Amino acid sequence: MATNTPEEMLQEARKLIGWETEPVPSRYPVEYDPIRRYCHMVGDDNPLFMDPEHAANARYGSVIAPPFFIRQTSGPGPWPPRSQEIPTASGRVLSPGDRNIVLNTEFELLKPVKVGDRISQTQRLVDVYIKPIRLDPKTFWLVNETIFRNQDDEVVATMRNTMVRHRTPEQVKAAGDAEA
Amino acid sequence: MDETMTTEAKREQRYWDDVNEGDEVPGFERPVTPTQIALQVSGSQDFYEVHHDQEFARAGGHPDIFVNTGFTTACFGRLLSSFVGEAGWVKKFHMEMRRMNHPGDVMKLTGKVIRKYTEGDEHLLELEIWSENERIGVTTPSTATVLLPSRRQATS
Amino acid sequence: MADKTPEDILEDARKFIGIESQTVASRYAVEYDPIRRYCHMVDDDNPLFLDPEYAATTEFGSVVAPPFFIRQTAGPGPWPPRTEEVPGVLAQVPSPGDRTINLNTEFECYKPIKVGDRISHKQRLVDIYIKAIRLDPKSFWTVYDTIYTNQDGEVVLVMRNTLCRHRTPEEVKAAGDAPETSSS
Amino acid sequence: MTTEVKREQRYWDDVNEGDEIPGFELAITATRIALHVSGSQDYNPVHHDQEFARSSGHPDVFVNTGFMTASFGRLLSSYVGNKGWIKKFHMEMRRMNHPGDVMKLMGKVVRKYTEGDEHLLELEIWVENQRIGVTTPSTATVRLPSR
């Protein structure tokens, strides 16, 4: 690894563009109480998201999740510890640094997510390139897409994230990549 | 502290016909208090220490802990879903985490309508929405495309 | 109230002993993810509480809640704000102070609680008496039971709590009740 | 404790009075404070807002009752296994656990007996920390299966 320059690593990484992971199912179906906690977080008292009786008479016939809640409900969640890591497209990208910062987030919402839905997700690497940031002149920028599907295999949402992966100041110095 | 919109206000459906370019998107404030930080962890289930452990955040070179993407996204989710109502739909959302919100900041979520148009039989709006605080102004510029019901459709 | 001594208030308060509150239904059924968050809190990785597939192979047949989880699942929860207060016995019992510290907790467990159960609960005042604490020589010690039932009307658990209600140091001073100097 | 250890069923016959209850530690870190709000849904600021706790006269925030009962719940349910049952639990919140403390959950068997066809144990269990020793003395009555 030490022999590979950031540019060589980028060349390898770019071969992963378009590669999509296997679907990862969520641990549990969409449930009421996590939605309630999510709404509590931002002071949202919309009965469409919390009141089964209200929701039964409203447009969707049952409680739906607030927009963007899907990030919290899909996947295995932060507990219990997993015996093996979930494969992600960006996780396969070898880069000089391993410090992540998420910058841009983009959602397209296609279908309502309802209580009881079982959501799975797949990930795809859309782009990877080198662009300097203050901390690291050879920062890797990764653009990832996550596709969320429900139990009927319908795509309910897609999320696109732009993430930078940088080295620590010490690593930059050790590599002799002084800032331009 | 929190200018929560009442449930009644939310239940009133907004129609595309009544909206004009330049209209404000009704917003709300979230002061970043210790309780808000605790709510952020519970609601987002994001346990990365940089968002709740001051010492950890400072060791990482930040002046203090800062609110996470999950929380910020949820704030915009509340703004947008309140705006479109039950008959509307949030089609697309784009957010840029440019600057941080720290404890002591008051996040102000707000926005305006920048384009009103139709596409096929969809009645759409493009919104510019953002989070700002008193310390640095806009921290999180964002955009959204939303669909609203039209009175013409409702009556036809 | 200003003209009533703590002893007078106690006399009024003791009239509530034995009275039961209305039954309050939980907002939602017992769900998986709140149990997962509860287990995460104390690093509990017991698959009986977390893994539906594993739990199906046990005598319980499905995921059960950890022993004392029930407090978190019963009642309306901390959000959204309620338009009316849940009628509890405790709220009606008068006391000189309104600051509380929970002291003793006791559980008697009768039935497992499973995902999907709908839990209701009611409260009953068991005892109330005056006993000094460092902050307030006329603290009200309140003993109450919470009785939890499931959707079949079975009592699944009874909790007995001892709650100390005290005044702030300022209120104690204003009432002329100097705290005991001997206690620390 | 690993999941494997928990799945091994303990039997009443193999337990003796004086036996130790296998325990565990929970360090009260900033993350643990966040976890304890998420897990207990107890938003009393005295448990997560240092300034508020200090204004109430406490040296710092302290962990809540819900967290304590959950800790004992983990200790007891791991001990009795899937075929056992926790009949009764009593806990006394005598002293506080603050950030920086390491809570140690532990206990011992104080009585082994039968009642009708029930095989029972009385346990003394407690939380102690490095600063003040036992903070939360507790007892439990549990049932174990018999061979």
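How many residues of chain A are in contact with chain B, and how many of chain B with chain A? In this predicted model, in which local features need pLDDT of at least 70 and side-chain atom pairs count only at pLDDT 80 or more, totals for chains, interfaces and linings use all residues. Residues are numbered from 1 along each chain as its sequence is written, chains are lettered from A in the order in which they are written, and side-chain values use heavy atoms, with hydrogens and water left out.

**View 1. The interface of chain A and chain B.** Contact (heavy atoms within 4.5 Å) joins 32 residues of chain A to 40 residues of chain B. The buried area, which is the accessible area (1.4 Å probe) that two parts lose on being put together, summed over both, is about 3000 Å², and carbon and sulfur atoms give 55% of it. On the side of chain A, the residues that lose the most area to chain B are M41(A), V42(A) and F68(A), together 21% of what that side buries.

**View 2. The salt bridge.** E108(A) stands opposite K92(B) in β2(B), and their side chains meet in a salt bridge at 4.0 Å, N to O, the term requiring a side-chain nitrogen of Lys or Arg within 4 Å of a carboxyl oxygen of Asp or Glu.

Key: Pairing = 2+ DSSP bridges. Helix = DSSP H or I, 4+ residues; strand = E, 2+ residues; numbered from the N terminus.
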